[in-house]
Amino acid sequence: MLMRTDPFREIDRLADHLFGTSSRPAVMHMDAYRDGDHFYAAFDLPGVDPDSIDCTVERNVLTVRAERRRPTGDNVELVAAERPMGTFTRQLFLGDTLDADRLEAGYDNGVLTLRIPIAERAKPRRVTVTAGSSNGHKQLTS
């Protein structure tokens, strides 16, 4: 077998690994949306073992970590290695309007979905308006 040597191949491979390509992104892609009284964040994690996923919240910073490993074993022979492997991390800054203490997480079909309730103090509420000067303040005169 004849192989051509490309002196820039290793540089291209390293740049693709760090910055990603259209077919192999280097980041954990996410969709985020609000539906009613909940905020959702969905992360694409295909081929990740659910036991390797770790979600933590510290001071309104949500950190998601996941690891994708290559198959190993005595009889495993790697023929091509194009899928990104290793540990993927993504951080989100959660606003004070979210109740991070009641965050729920589920993993299905390669998608990690986080469900975060909107905090009660952030929900719209009705304010009662009273008539008259019974509120204790003097009426302004000019």
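Predicted model: local features only at pLDDT ≥ 70, side-chain atom pairs only at ≥ 80, totals over all residues.
Local features were taken at pLDDT of at least 70 and side-chain atom pairs only at pLDDT 80 or more, while totals for chains, interfaces and linings use all residues. Residues are numbered from 1 along each chain as its sequence is written, and side-chain values rest on heavy atoms, with hydrogens and water left out.

An open sheet is formed by 3 strands in the order 3-4-5, with antiparallel pairing (strands are DSSP runs of E of at least two residues, numbered from the N terminus; two strands pair if DSSP finds at least two bridges between them). Strand 3 (54–58) and strand 5 (86–93) each have a single partner strand and stand at the edges, so one side of each lacks a neighbour in the sheet. From one strand to the next the twist averages 15° (axes are lines fitted to C-alpha atoms, and angles run from 0 to 180 degrees between N-to-C directions). Strand 4 (residues 61–68) pairs with strand 5 over 8 bridges in the antiparallel sense.

R68 belongs to strand 4 and is placed opposite G86 in strand 5. R68 is buried (under 20% relative accessible area, with exposed over 50% and partly exposed in between, for a 1.4 Å probe and protein chains only). No salt bridge is formed by R68 (a side-chain nitrogen of Lys or Arg within 4 Å of a carboxyl oxygen of Asp or Glu). The nearest side chain of opposite charge, D44, is 9.1 Å away from R68 (Lys and Arg count as positive, Asp and Glu as negative; His and the chain ends are not counted). The R68 side chain reaches the backbone oxygen of P46 at 2.8 Å.

The structure contains 3 salt bridges. R69, exposed at 52% relative accessible area, meets E67 at 3.2 Å, N to O; E67 is partly exposed at 28%. R102, partly exposed at 45%, forms a salt bridge with D99, with the closest N and O atoms 2.9 Å apart. The side chains of R115 and E104 meet at 3.1 Å, N to O. This pair links distant parts of the chain, with R115 in strand 7 (residues 111–117) and E104 in strand 6 (residues 104–108), 11 residues apart. R115 is partly exposed at 28%, and E104 is partly exposed at 43%.

A search of the whole structure gives 1 aromatic pair (rings of Phe, Tyr and Trp, the last by its six-membered ring, with centres within 6.5 Å; planes under 30 degrees apart count as stacked, over 60 as edge-to-face and the rest as tilted). The ring centres of Y33 and Y40 are 5.2 Å apart and the planes lie at 15°, so the pair is stacked. Y33 is partly exposed at 42% relative accessibility, whereas Y40 is buried at 16%.

Terms used:
Helix = DSSP H or I, 4+ residues; strand = E, 2+ residues; numbered from the N terminus. Polar contact = N/O pair within 3.5 Å; in protein donor to acceptor, adjacent residues only side chain to side chain.
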